[in-house]
Amino acid sequence: APSAGRVWCRDRRRQRGVSRLRSSSAGTPEESSSSSSGGPPAEVIGDVRDFRARLISRSEAGCLTTAEPEGGQAVSAEPWAYETTLLEKGSVLLGGLSQEFGFALRQQYFHKCVVVLVQHDAHFTKGVIVNRPSRRTLDGWTVWLGGDVCDGGVFASGRGPHGGKRLDIEVLTGLERGEGLEPVVKGVKRCSFETAKRLVAEGAARQSDFWVFCGYAGWVPGQLAAELEKGSWLVAAADGGSLVKELLAARAAAEADAGKLDDGVATWTSLMRRIGRTSEASWTPHSLDDDMLRIWVDARLSQPKLDAGALARNARERKRADEAMRKLAGNKPGEPVARGALLAGHAVGTDFLLERQFLHKSLCVVVASSEDVVVA
């Protein structure tokens with residue numbers, strides 16, 4: 001086993017043109033004590049992932065030296081990203097293309113998603129989707145979809161925030177310092193929503209310094225490993241500067257066009273290419289899954305928080321649908337639908353596109369009816 005504080009390349013292999021390193025360490029250099037006979041090289045000081053990235057770069061060039069640079073100063077790191085098999089806090093999961101059924105008919109938000117792990121331990125793994133911007137707001141802050149666990153119903157169809165569901169908010173920032181900030185990976189930190197609000201109120205930060213996510217993706221022990229075996233995800237490591245750059249690009253794309261909200265595919269494609277998965281990144285542009293993601297984004301993320309006007313429009317639409325159902329059943333206004341009436345499923349907008357697809361062009365026979373409810 002390596003000495004405490006040292007990181008060594010244990011095996012080197014190539015797969016699909018990408019170098020993978022299995023590294024072993026006794027924690028980050030700050031957490032480990034180096035022996036007097038030889039501590040970690042100067043380049044290891046800081047985030048251990050920087051050192052791994054340099055090892056990969058040097059192994060590609062046939063040089064694995066860890067000598068200290070001239071003058072004793074660490075070399076400034078260039079932006080980097082590489083595919084790895086190592087899961088840890090700060091790892092990036094890229095939605096793979098090997099799912100058995102894909103996400104065309106369900107959970108469209110996972111298609112070509114980018115997830116940053118903010119927690120990974122023996123008890124639980126928690127990640128935040130970082131490429132699903134939205135126009136929804138919460139307490140005056142723009143919020144993005146972070147996942148489908150504890151999203152508070154913020155992005156549910158036809159609901160305002162919370163919707164009676166538990167709400168979990170994750171906040172990421174590129175701020176270097178601030179009370180209440182917890183490192184995720186070098187250059188990226190997390191904090192509570194309350195901390196972000198406090199820092200803004202104190203003048204120590206601006207709202208634009210933060211990304212606020214409602215909900216998260218979670219895995220119990222062994223669950224994520226099983227999904228990796230199936231090819232559902234690719235694991236990557238990326239420097240914090242690159243992650244912040246991708247977040248800034250996603251925000252700029254989301255704000256650039258008031259009519260069409262960015263679906264996040266460009267962020268996924270950029271990271272896939274940077275880890276050497278260029279061919280996979282170009283496999284499925286404009287596929288059914290891509291089209292369904294686009295529809296889901298337009299239906300769930302593009303619309304701001306429902307206002308009184310939206311509720312009135314929804315009420316008029318429901319009235320129109322009720323009148324259409326009575327007409328189909330041959331009933332007069334105010335009369336219940338007769339038992340035995342035949343109802344033909346007729347989609348309005350995305351009614352049966354994103355969910356309840358079994359009702360598309362369906363035929364339903366009414367078996368019970370009253371003024372309050374129809375059972376078919």
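This is a predicted model: local features need pLDDT of at least 70, side-chain atom pairs count only at pLDDT 80 or more; totals for chains, interfaces and linings use all residues.
Visitor: What makes a salt bridge out of Arg-277 and Glu-83?
Guide: The closest N and O atoms of Arg-277 and Glu-83 are 2.8 Å apart. The cut-off is 4 Å, so the pair counts as a salt bridge. By this rule the count comes to 14 salt bridges.

Visitor: Where do Arg-277 and Glu-83 sit in the chain?
Guide: Arg-277 is in the loop between H5 and H6, while Glu-83 belongs to strand E3 (residues 81-83). They are 194 residues apart, so this pair links distant parts of the chain. Both Arg-277 and Glu-83 are buried, too.

Visitor: What about Lys-126 and Glu-170: how far apart are their closest N and O atoms?
Guide: For that salt bridge the figure is 2.7 Å. Lys-126 lies in strand E6 (residues 125-129) and Glu-170 in strand E9 (residues 169-173), so the pair ties together parts that are 44 residues apart in sequence.

Visitor: Why is Lys-126 called buried?
Guide: Buried means under 20% relative accessible area. Lys-126 has 9% relative accessibility, so it counts as buried. Glu-170 gets that label because its value is 4%.

Visitor: Which residues are linked with Lys-126 and Glu-170 in a network of salt bridges?
Guide: Lys-89, Asp-168, Glu-182 and Arg-190 are in that network with them.

Visitor: And Asp-139 with Lys-197, how do you know that they form a salt bridge?
Guide: Their closest N and O atoms are 2.9 Å apart, so they fall within the 4 Å cut-off. Asp-139 is in the loop between strand E7 (137-138) and E8, and Lys-197 is in helix H2, 58 residues apart.

Visitor: What makes up the nonpolar surface patch of about 530 Å²?
Guide: Leu-342, Leu-363, Val-365, Val-367, Val-373 and Val-375 make it. Val-367 is found in the loop between strand E16 (363-365) and strand E17 (368-369).

Visitor: Why is Val-367 called partly exposed?
Guide: Its relative accessible area is 48%. Exposed needs over 50% and buried needs under 20%, so Val-367 is partly exposed.

Visitor: Let's go inside. Which residues have the most contacts inside the largest nonpolar core?
Guide: That core has 41 residues, and those with the most contacts inside it are Leu-93, Phe-110, Val-115, Phe-210, Trp-219 and Trp-233. Five core residues, the largest share, come from H7. Apart from this core lies another, of 27 residues, including Val-130, Trp-211, Ala-238 and Ile-275.

Visitor: Which residues is Phe-210 in contact with, leaving aside its neighbours within four places in sequence?
Guide: Among them are Trp-141, Val-171, Leu-172, Cys-191, Leu-199 and Arg-251.

Visitor: Which residues of helix H5 are buried?
Guide: In H5 (residues 265-274), Val-265, Thr-267, Trp-268, Thr-269, Leu-271 and Met-272 are buried. The buried residues of H5 pack against strand E4 (92-95), E5, E14, helix H4 (240-256), helix H6 (278-281) and H7.

Visitor: What follows H5?
Guide: Gly-276 does, with a positive phi near 90 degrees.

Key. Residues are numbered from 1 along each chain as its sequence is written. Side-chain values use heavy atoms; hydrogens and water are left out. A nonpolar core is a set of buried Ala, Val, Leu, Ile, Met, Phe, Trp, Tyr and Cys residues joined through side-chain atoms within 4.5 Å. Buried means under 20% relative accessible area, exposed over 50%, partly exposed in between (1.4 Å probe, protein chains only). Helices (H or I, at least four residues) and strands (E, at least two) are DSSP runs, numbered from the N terminus. Contact means heavy atoms within 4.5 Å. Patches are made of residues with over 30% relative accessible area and no salt bridge: like charges are joined within 9 Å, nonpolar side chains (Val, Leu, Ile, Met, Phe, Trp, Tyr) within 5 Å. Accessible areas come from the Shrake-Rupley method with a 1.4 Å probe; for residues, only the protein chains shown count as cover. A salt bridge is a side-chain nitrogen of Lys or Arg within 4 Å of a carboxyl oxygen of Asp or Glu.
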